[in-house]
Amino acid sequence: MATADDYAKWIVANANKKGTADFDTVTKAYQEAKASEVATPQGYDFGKTISSALPSLYQNTVGGLVDMVSSPLQTGQALSDIVAGGVYKALPGPMQRGLTAIEQSPYNPLGDPASLQRAQNVAGAVGQDYATTYGTAAGFQKMMEEDPFRVVGDVSTVLGGSGAALRAGNIGGRSNAIANAMVRGGELTNPINMLARPVAAMVSPTVDPNVRALMAEGITPTTGQILGGGYKRFEEGLTSIPVIGDFIKSAQGRAVEQLNTAAFNRALKPIGSSLPSGTTGREAVQFVSDKLDDAYGKLLPKMTVQADPVFGTEIGNLRQMVAQGAIDPNAVRAFDRFLDTNVVNKFQGQQAITGQTLKQIQSDLRERINLLGASTDADQRLMGQALQEVQDQFRQLVIRSNPANAAELKAIDTGYANFKRVQRAAGLTGAEEGIFSPAQLQNAVRAMDRSKDKSRFATGQALMQDLSETGKVVLGNKLPDSGTPYRSLAALIASGGAAGAGYPTLAAGMLAGPALYSAPGQRLAATLLTARPAGAAAIANQLRANQGIKSGALAANQLANQAALAQQQAAGR
């Protein structure tokens, strides 16, 4: 059975037959079919809206403008008919009749009855179209199914135009706020933005500063982690799908390992070293510890340390704080005994020690701090914290006693400070084989912040917090399960599970997984998403801005589309 659209196409194609019996029959059938469609709403077909979306978006953003440019004379005539028809419809009845009489008068040499009739027909067709589209539920439903972006464009045009008119009235107060809201609504619903914004994002994407900070450290997040938001949640959802999920988890795990490497290199960089490629987990912990000890060991023979009043005062204050604290007296005595035996009494005669004794003091302090810190007894842990303060005061004394080696000592000390945080993270429960998550590094950074009430951590200034926090934001809190994509793929095929998984899923895993989530693919995707040549940002900003131009282009586009529709409907009268 023919539809109204079928009849309309025939009418346009056979406009030269106007006035014949066939033309009148088809015109009547068109009108009846149109009325029937409007009167009988069907169930809303969302799938039809989806399938119509791309053609509709094109037609309501650039399609009408293309038609306007490609057929300027025809479009110009149609637009002038719409304007003339709109003016005619806006006149009072007597003036309409007077104008008609003047145009049709044989005594008026400038009269043009055909133009007037055409304008009347076009104005009537436009009015009828709006009435049909927005005057009934069925008409609106049909337009949403077949041309959804025309509805969006009409909403944007009405909101933007009405808001601009209200704003131009300069009424002020609440009316001005309403005008601004309407203009903003017009910008948000303008379908041209639906093209401009993605294009702007491709020309110069807005990259999260946290992502840039991680990439500067040599860490390559996955595509979803770079894009964030819904993209990141979608990627996370894909991890549960066979094969492709394993590739994603493998890429996520690679990013976490790179975070581990960056953290270890924070400890090695001050002494001019770096972690060898492929060294991870406990092996990395041992490598960094050995490197720092070697650097310190090479420097020790060149140094002597002499106790000074500052050191004596600080140690005395520390003893007093421990004695006055709510701590078991036995623990206090144990603290004093260790301090005297392993630190204070090492200074003999001239109150000076050599490099070898210095190394022994540092080693004894480190071992006892680690032992007490792992204790389940609260008093023991407090003693460990007190010895950490002794360790800091001793390091400062070493630097004061050896000004010629101060820079090198400071570098080693900085490396040790960073290392202790990484070492702690690698030893936490859940850090499998010494590989830690961003959240575990964050926990270690917070635990080792010795400022009052963790004030440095609270203000984001704790040592290594910049790395742990950005890692947590971008990469997530947890260590991803180890992805074994090729083994999973082989098992899936061998077990006959490919049919159960579904061909699209398997195809996605085999094609998208290796391409996008392999190490080279991950780097390429990150580069494409974050790196752009100079000037790209300026172009993108222009695409994102210029709302006035976009509104004007939309209005011209909608008008051009309306002109074409009006011509088609007028031809069917």
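**Ground rules.** I am working with a predicted model, in which local features need pLDDT of at least 70, side-chain atom pairs count only at pLDDT 80 or more, and totals for chains, interfaces and linings use all residues. Residues are numbered from 1 along each chain as its sequence is written, and side-chain values use heavy atoms, with hydrogens and water left out.

**Overall make-up.** I looked up the secondary structure and found 29 helices and two strands; these are DSSP runs, with helices being H or I of at least four residues and strands E of at least two, numbered from the N terminus. Of the 573 residues, 38% are buried. Here buried means under 20% relative accessible area, exposed means over 50%, and partly exposed is in between (1.4 Å probe, protein chains only). The protein exposes about 30,300 Å², with 58% of that supplied by carbon and sulfur atoms; the areas come from the Shrake-Rupley method with a 1.4 Å probe, and for residues only the protein chains shown count as cover. I also checked contacts (heavy atoms within 4.5 Å). Among those with a separation of 6 or more, 70% join residues 24 or more positions apart.

**Cores.** Which residues touch the most other members of the largest nonpolar core? They are Phe335, Leu358, Val390, Phe394, Phe436 and Leu467, out of 67 residues in that core. My working meaning of a nonpolar core is a set of buried Ala, Val, Leu, Ile, Met, Phe, Trp, Tyr and Cys residues joined through side-chain atoms within 4.5 Å. I followed up on Leu358: leaving out residues up to four places away in sequence, Leu358 touches Tyr296, Leu300, Met303, Val305, Ile353, Phe394 and Val398. There is also a second, separate core of seven residues, including Ala8, Ile11, Val26 and Ala33.

**Largest pocket.** I searched a 1 Å grid over the protein atoms alone: a cavity is a set of points where a 1.4 Å probe fits but cannot get out, a pocket is an open set with protein on both sides within 12 Å along at least five of seven lines, and lining residues have an atom within 4 Å of a point. The largest pocket has a volume of about 1,500 Å³, where points are joined across faces, edges and corners and a volume is the space filled by probe spheres set on them. Its lining has 42 residues, and Gln385, Gln388, Glu389, Met448 and Arg450 lie nearest the centre. Helix H19 gives the most, 13 residues. By class I noted 17 nonpolar, eleven polar and 14 charged residues; Ala, Val, Leu, Ile, Met, Phe, Trp, Tyr, Cys and Pro count as nonpolar, Asp, Glu, Lys and Arg as charged, and the others, Gly among them, as polar.

**Largest cavity.** The whole structure has one cavity of 30 Å³ or more. The largest cavity holds about 100 Å³, and its lining includes Tyr296, Arg366, Arg395, Asp413 and Tyr416. H20 supplies the largest share, four residues.

**Two backbone angles.** Asp453 has a positive phi near 55° without being glycine. Asp453 sits in the loop between H21 and H22 and is exposed, at 67% relative accessible area. Lys454 lies in the loop between H21 and H22, also with a positive phi near 55°, and is partly exposed at 23%.
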